[in-house]
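The structure comes first, and the notes follow.

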Amino acid sequence: MIELSATANGRVALVTGAARGIGLGIAAWLVCEGWQVVLADLDRERGSRVAKALGEGAWFVTMDVADEEQVTLGVAQVLGQFGRLDALVCNAAVADPHNITLEALDLAYWNRVLAVNLSGPMLLAKHCAPYLRAHGGAIVNLTSTRAGQSEPDTEAYAASKGGLLALTHALAISLGPEIRVNAVSPGWIDARDPSVRRAEPLSDVDHAQHPAGRVGTVEDVAAIVAWLLSRDAGFITGQEFVVDGGMTKKMVYA
Ligand SMILES: NC(=O)c1ccc[n+]([C@@H]2O[C@H](COP(=O)([O-])OP(=O)(O)OC[C@H]3O[C@@H](n4cnc5c(N)ncnc54)[C@H](O)[C@@H]3O)[C@@H](O)[C@H]2O)c1
């Protein structure tokens, strides 16, 4: 965990799915950079607890990103509390890539994955756009290297992330020049709680197969998300940034 000793920068970020994992890592990183961060998640108990632990720079709202009413309400709460919004990070997802076999795939499951992973970011962008536009804001969508390659039995997740990649460039064109929109596609990130990581460490094989020599961390992702939200990235929009330790550049023929 990064040290939290920020001077406020006056900017407000909304990070979805921030009660744990990569979303929490992004929220912590932004708090550290002086952002006022609103953590949004389905998990109210954990989300409130981690926001409290992050200190005054963090605030929690309960939200199911697939529910337009809850998105509208959550965004209104952010504006009511802070009066502005500068950044949106769409990270919340049904993040387990594996469904059951295609023949057994339940339509309700497929629809839920698409609703959370793809419709959610669209709803967030739709309801945040007026406020982001006012301050030259930015959006980052968390996609996946699985948008471009697959293991068996991952249809719903892969389709949702491929859709999100397309949504990213569509939004960049619709919302520019005021709002920049980019995608970060992680590969294997060990987003488990520190206690689980200690109890069940990854193997040497897990790490060594990566050209970078290790599995990724939530900080690897948080660093590039923070940079994409910064004014240093002002000429970058509609792009995908792969954070996978080089795995998608490696030939895997047996
Ligand atoms: N961990 C990885 O290796 C990896 C790799 C590629 C992409 N990603 C992507 O990164 C993002 C974060 O992944 P993670 O591993 O930290 O996931 P995670 O499962 O650890 O955390 C996801 C968070 O999203 C929340 N969430 C789920 N559905 C929600 C909804 N409908 N509304 C609001 N909140 C909801 C959960 O409560 C949880 O706090 C996801 O978009 C995932 O697809 C992760």
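Is the crossing of α3 and α4 right-handed or left-handed? The crossing of these two helices is right-handed. The model is predicted, with a mean pLDDT of 96 for the chain and 98% of the residues at 70 or more. Residues 1-5 have a pLDDT below 50, and this stretch makes 11 contacts in the model beyond near neighbours in sequence.

**Packing of α3 with α4**

- The axes of α3 and α4 are 9 Å apart, and the angle between the helices is about 30°.
- Because angles under 35 degrees count as roughly parallel, α3 is roughly parallel to α4.
- On the α3 side the contact involves Glu68, Val71, Thr72, Val75 and Leu79.
- On the α4 side the partners are Leu123, Leu124, Lys126, His127, Cys128 and Tyr131.
- Sorted by class, the residues in the contact of α3 with α4 are 7 nonpolar, 2 polar and 2 charged.

**Packing of α4 with α5**

- Helix α4 spans residues 107-134 and helix α5 spans residues 155-175.
- The axes of α4 and α5 come within 9 Å and cross at roughly 20°.
- With that angle under the 35 degrees cut-off, α4 and α5 are therefore roughly parallel to each other.
- The crossing of α4 and α5 is right-handed.
- Helix α4 contributes Tyr109, Trp110, Val113, Leu114, Asn117, Leu118, Pro121, Met122, Ala125, Ala129 and Arg133 to the contact.
- Helix α5 contributes Glu155, Ala156, Tyr157, Ala159, Ser160, Lys161, Gly163, Leu164, Leu167, Leu171 and Leu175.
- The contact of α4 with α5 holds 16 nonpolar, 3 polar and 3 charged residues.

**Packing of α1 with α8**

- Helix α1 (residues 21-32) and helix α8 (residues 218-229) have axes that come within 8 Å and cross at roughly 55°.
- This angle makes α1 oblique to α8.
- The crossing of α1 and α8 is right-handed.
- From α1, the contact is made by Gly21, Ile22, Gly25, Ile26, Trp29 and Leu30.
- From α8, the contact is made by Val218, Glu219, Val221, Ala222, Ala223, Val225, Ala226 and Leu229.
- The class count for the contact of α1 with α8 is 11 nonpolar, 2 polar and 1 charged.

**Aromatic pairs**

- The count of aromatic pairs comes to 2.
- One of them is formed by Trp59 and Phe82, which are edge-to-face, with 5.5 Å from centre to centre and 85° between the planes.
- This pair links distant parts of the chain, since Trp59 is in strand β3 (residues 58-62), Phe82 is in helix α3 (residues 68-82), and the two residues are 23 apart.

**Backbone details in loops**

- The peptide bond between Gly176 and Pro177 is cis, with omega about 0°.
- Pro177 is in the loop between α5 and β6 (180-186).
- Asp153 has a phi near 65°, a positive value in a residue other than glycine.
- Asp153 is located in the loop between β5 (138-142) and α5.

Terms used:
Residues are numbered from 1 along each chain as its sequence is written. This is a predicted model: local features need pLDDT of at least 70, side-chain atom pairs count only at pLDDT 80 or more; totals for chains, interfaces and linings use all residues. Side-chain values use heavy atoms; hydrogens and water are left out. pLDDT is the predictor's confidence in each residue, from 0 to 100. Contact means heavy atoms within 4.5 Å. Axes are lines fitted to C-alpha atoms, for helices over the stretch in contact, and angles run from 0 to 180 degrees between N-to-C directions. Helices (H or I, at least four residues) and strands (E, at least two) are DSSP runs, numbered from the N terminus. Angles under 35 degrees count as roughly parallel, over 145 as roughly antiparallel, 65 to 115 as roughly perpendicular and the rest as oblique. A crossing is left-handed if the near helix is turned anticlockwise from the far one by less than a right angle, and right-handed if clockwise. Ala, Val, Leu, Ile, Met, Phe, Trp, Tyr, Cys and Pro count as nonpolar, Asp, Glu, Lys and Arg as charged, and the others, Gly among them, as polar. Rings of Phe, Tyr and Trp (its six-membered ring) pair if their centres lie within 6.5 Å; planes under 30 degrees apart count as stacked, over 60 as edge-to-face and the rest as tilted.
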